[in-house]
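Subject: Structure handover

Hello,

Here is the structure for you to look over. My notes on what turned up follow below it.

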Amino acid sequence: MVDLTRWSLTDRTSSVVDLRQPGALEYLRDQYGGNSPDVPDILQQVLGQAYGLGAQTAVVEYRYLDADYRDEHSRFYSTTFRRYPSVTHRVHFFSEPAEQGLDDPDTPVEFATLGYLGYAIMRPVPGAPVGRVMLKAPYALEDHITCQSIETVHLFGEALSVRGTPFMAQDAQLARCAHAALWVASRHHHLFWGTPKHLPTAVVDAAPAGIGMGRQLPSPGLAITQLSAAASGLGLPPVVHDLEWLTGSETVARLVCRYLNSGFPVIIGGGGHAFVLIGYRRVDAGTPDERIEFIRHDDEVGPYQVVADWKFDAYRPWKYLIVPLPPKLYVPGDRAEAIGRRWARSAFAADGEFIHTRYTFRSTAVTSNTYKEHLVVRGVPVDQATLLRRAPMSRWVWVVEVVDRDLRDKSAPYVIGEVVLDATDHDRDFKILASRTPQSTRVHRPESTSQIIARSSSPTAPVATVSRSIGR
Amino acid sequence: MLSEPADAPNFVRELYSGGVEVTEPLALDADAVRELTVELRALEDARAAAVVSGRTYLVR
């Protein structure tokens, strides 16, 4: 068991651990897992992932004031009989060894040159030793994680940046999986889109207790209704789907990937647990065995976990999908795609073309500024990009792309055409902002039926998808 | 008071939109509108079902 009386009773401010040495990783594990056979899996996962990234050095700060843990401590751990320290240990990981300048006051080591891999906050809570983590994604997965952002921290006056997806493990008292999942989504929105930063008690308080059952502290978990209300309370009103009620040609993969492509973390409720999907990859593309593997943050297991087949997942059946969204994204993805599909067929037909059976649709929500900024980079001809750029558009738009599956499976540019929809538009008025086919680009004026067209002198080649062109 | 485009002095020019006005605007035909209405109603029904069932499903 971790001796909490010795947690912060040290004059040493920090230590450097040479992870190349035998036993070094086990040392860290025992420091925070208590040297027992019941070391939490999540601690082993986090340390193992850092090691898997090639971490050769760890720097431990012994008196780190972590805002999230301080918040938890203030609300809960300061009220218990057992005394819990109010400071955490922050463990940083680097890919290079720190051999020079460790003892030299005149030319001290510069940690910014050692290849920063991220950090993990260790709580002085034996039952829940892992707090907030921001680690670089595993190399095999990083191109497939669509919800990544950059966080900059400071260590001894040096700014260190890491790109990844923020992770939080539940403490199982104040916050449970649902709270942790919502925290992950909220923190990603904060880092990527600049929305307000929410600490754990803000997430807890946002969940209405009145519609729960019994006492809410220690938390028994959240009903989906509470989780949905909590997301709204944090300024991220969610789309919620009961996955047993999918209609028509909708599938779980299509539903989820629409939001992941847009960079929105997707919370799944299944098997009595909640976790966050942050990316996906297509496996065996173009074959009868083609399937989607999702990548998730599971607060009970660890960050960046691969779900090989969601239908056989340990948390099956997947029951609910909850996607916290920006407030001005009124139109959900399934509606946008239903409307966009039909307009795409109409636009193609007007140009004497048809949507072939090998074509499919891919929908992404982006800000219109981002959409316009990346048109030429994606491969849209300049004259057509000019028409689109000068068109008035809502802040958020859905881009419903017509995708050639054969080209996609060859990893070539595969978007044949697209339809752009106003994400704030009326539910029963099926207007669009613009459409693009290989032959022409049209812009629809928002408040009238008039349209402007730019025709191609020759068919436009397939272009890159809007989601990949903006780094997702 | 802002002047109408036709009255604007000659150093004010309307920015070229990038295209030309369409004489026959693109529209969804009646069949497409009908199918779309049915599909969107089904999506609304699914969303309503989630509101009801989500009250009793606990995640922890």
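Two strands pair if DSSP finds at least two bridges between them. Helices (H or I, at least four residues) and strands (E, at least two) are DSSP runs, numbered from the N terminus. This is a predicted model, where local features need pLDDT of at least 70, side-chain atom pairs count only at pLDDT 80 or more, and totals for chains, interfaces and linings use all residues. Residues are numbered from 1 along each chain as its sequence is written, chains are lettered from A and ligands numbered from 1 in the order in which they are written, and side-chain values use heavy atoms, with hydrogens and water left out.

**A sheet across two chains**

In E1(B), B:Glu21 is the bridge partner of A:Ile452. Strand E21 (residues 451–455) of chain A pairs with E1(B) over two bridges, in the antiparallel sense. The open sheet they belong to has seven strands, in the order E16(A)-E17(A)-E18(A)-E19(A)-E20(A)-E21(A)-E1(B). Its pairing is antiparallel. Strand E16 (359–367) of chain A and E1 of chain B each have a single partner strand, so one side of each is left without a neighbour in the sheet. Further in, strand E19 (residues 434–436) and strand E20 (residues 440–444) of chain A pair over three bridges. There A:Ala434 has A:Val443 in E20(A) as its bridge partner.

**The interface**

How many residues does each chain bring to the contact? Chain A gives 50 residues and chain B gives 35, where contact means heavy atoms within 4.5 Å. The two chains bury about 3,700 Å² between them, 59% of it on carbon and sulfur atoms. Buried area is the accessible area (1.4 Å probe) that two parts lose on being put together, summed over both. In chain B, the most area is lost by B:Leu26, B:Tyr57 and B:Arg60, together 21% of what that side buries.

There are six salt bridges between chain B and chain A. A salt bridge here is a side-chain nitrogen of Lys or Arg within 4 Å of a carboxyl oxygen of Asp or Glu. One joins the side chains of A:Arg445 and B:Glu21, at 2.9 Å from N to O. On chain B, strand E1 (20–21), helix H1 (30–53) and strand E2 (58–59) each give two or more residues to the side that touches chain A. H1(B) gives the most, with 16 residues. That side of chain B divides into 20 nonpolar, six polar and nine charged residues. Ala, Val, Leu, Ile, Met, Phe, Trp, Tyr, Cys and Pro count as nonpolar, Asp, Glu, Lys and Arg as charged, and the others, Gly among them, as polar.

**A sheet within chain A**

Six strands of chain A form an open antiparallel sheet, in the order E10-E15-E11-E12-E13-E14. Strand E10 (238–242) and strand E14 (302–307) stand at the edges with a single partner strand each, so one side of each is left without a neighbour in the sheet. Neighbouring strands are turned by 30 degrees against each other on average, direction ignored. Axes are lines fitted to C-alpha atoms, for helices over the stretch in contact, and angles run from 0 to 180 degrees between N-to-C directions. Strand E11 (residues 266–270) and strand E15 (residues 318–324) of chain A run antiparallel, joined by four bridges. A:Ile267 stands opposite A:Ile322 in E15(A). Helix H7 (residues 252–261) of chain A packs on this sheet, and its direction makes about 90 degrees with that of E12(A).

**Other points to check**

Over all chains, the count is 36 salt bridges. A:Glu61 and A:Arg90 form one of 2.6 Å between the closest N and O atoms. The pair is 29 residues apart, with A:Glu61 in strand E2 and A:Arg90 in strand E3 of chain A.

Most residues other than glycine have a negative phi, and most peptide bonds are trans. The peptide bond from A:Arg316 to A:Pro317 is cis, with omega near -5 degrees. A:Pro317 lies in the loop between E14 and E15 of chain A. A:Ala172 has a positive phi, near 70 degrees.

Best wishes
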